Amino acid sequence: MVAAAEHRSLDDLNFRAQGRLSEVSGRRAVIHLHRRGLIGGLGLAGLAGPAILRAQELPPLRPATVFQTEGPFYPYDDKPTDQDADLVRITGQDAHALGQITHLTGVVRGQFGEPLGGALVEVWQCDSGGRYIHRDDPHTTVARDSGFQGYGKTLADRDGAFRFRTIKPVAYSAPTPIGEIRRAPHIHVAVSTLGVRRLTTQLYVAGEPLNDQDLILAHMATADQREGVIRPYAPGTGDEAGALAAHYDLVVGI
Ligand SMILES: [Fe+2]
């Protein structure tokens with residue numbers, strides 16, 4: 001007959017197997033069974049599972065990419081029919097988007113550095129004239145570029161890598177409760193896993209004068225956080241003549 005203490009320990013192991021036990025009590029349970037000679041001697045070694053890392057044994061976590069507001073122009077009800085990763089060309093149309101073509105690449109990782117393969121990456125941005133594909137975009141006196149898709153999505157590959165073909169973002173004016181502001185050029189991005197939005201942020205262009213006065217970038221992110229979302233847009237490496245390339249590493253917080 002197994003004593004009550006062993007009953008509790010076996011229950012503890014079951015809880016740990018279901019991910020519901022703290023690492024400390026889980027280790028206590030394993031140690032207890034070792035002392036009682038139950039692990040190994042009764043063929044329970046498999047129940048012990050891999051050693052549980054203590055907090056002190058974990059590698060340093062990577063800083064998570066800073067959260068920034070989704071803004072008012074995510075196209076909840078206005079998504080284009082074509083939602084692929086090429087925002088420069090709308091399937092079925094001959095026209096190409098106006099603006100400077102940019103190959104936007106990145107890698108999505110968790111804070112342990114693990115690639116988030118299969119993550120859904122969405123981007124949305126205004127066209128070269130500052131217009132979003134959104135019914136509430138107030139700049140109706142400016143014609144929207146019908147050749148620009150405005151929104152796109154893709155799945156990160158097994159290495160967490162993603163790629164979009166889009167245009168270099170431009171500055172635009174945006175309404176706020178206290179009046180019109182000028183936004184630094186940016187691309188909105190969102191990362192979701194298992195159908196849950198995990199990261200919402202905005203990506204900026206290195207060297208843009210408006211970066212230092214932007215309401216979101218200058219006032220809602222620390223210097224370190226800003227570094228993570230500001231990248232150079234440099235001539236590409238041969239993917240497409242005349243195109244720019246920009247790369248961002250995104251880290252999704254735990
Ligand atoms: Fe925006």
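Two strands are said to pair if DSSP finds at least two bridges between them. In this predicted model, S1 and S4 meet that requirement with seven bridges and run antiparallel. Within this pairing, glycine 106 stands opposite phenylalanine 162 in S4. S1 also pairs with S11, here in the parallel sense, through nine bridges. In that pairing, threonine 102 faces leucine 244 of S11.

The protein chain holds five helices and eleven strands. Of its 254 residues, 31% count as buried. Among contacts between residues at least 6 apart in sequence, 68% join residues at least 24 apart.

Five strands form an open sheet. Their order is S3-S2-S7-S8-S9, and the pairing is mixed. Strand S3 (151-155) and strand S9 (230-231) stand at the edges. Each has a single partner strand, so one side of each is left without a neighbour in the sheet. Further in, strand S2 (residues 120-124) is joined to strand S7 (residues 186-193) by five bridges. These two strands run antiparallel. Glutamate 122 has alanine 190 in S7 as its bridge partner.

Strand S4 covers residues 161-167 and includes threonine 166. Threonine 166 counts as buried because it has 26 C-beta neighbours inside 10 Å, and the cut-off is 20 or more. Sequence neighbours within four places aside, threonine 166 is in contact with Leu87, Val88, Thr102, Leu104, Val123 and Gln125. Threonine 166 and isoleucine 101 are 65 residues apart in sequence. In space, their C-alpha atoms are 5.7 Å apart.

In soluble globular proteins, nonpolar side chains tend to be buried together. The largest nonpolar core in this model has 44 residues. Those with the most contacts inside it are Val108, Ala119, Val121, Val191, Tyr204, Leu250 and Val252. Several elements each supply at least two residues of this core, among them strand S1 (101-110), strand S5 (172-176), strand S8 (196-205) and helix H4 (215-220). The largest share, five residues, comes from S11.

Valine 252 is one of the core residues with the most contacts inside the core. Leaving aside neighbours within four places in sequence, valine 252 is in contact with Ala64, Val108, Gly110, Leu116, Val191, Arg198 and Leu199. Val108 and Val191 are also among the core residues with the most contacts inside it.

Methods. Residues numbered from 1 in each chain as written. Predicted model: local features only at pLDDT ≥ 70, side-chain atom pairs only at ≥ 80, totals over all residues. Helix = DSSP H or I, 4+ residues; strand = E, 2+ residues; numbered from the N terminus. Buried ≥ 20, exposed ≤ 12 C-beta atoms within 10 Å, placed from the backbone. Contact = placed C-beta atoms within 7 Å. Core = buried A, V, L, I, M, F, W, Y, C linked by C-beta atoms within 7 Å.
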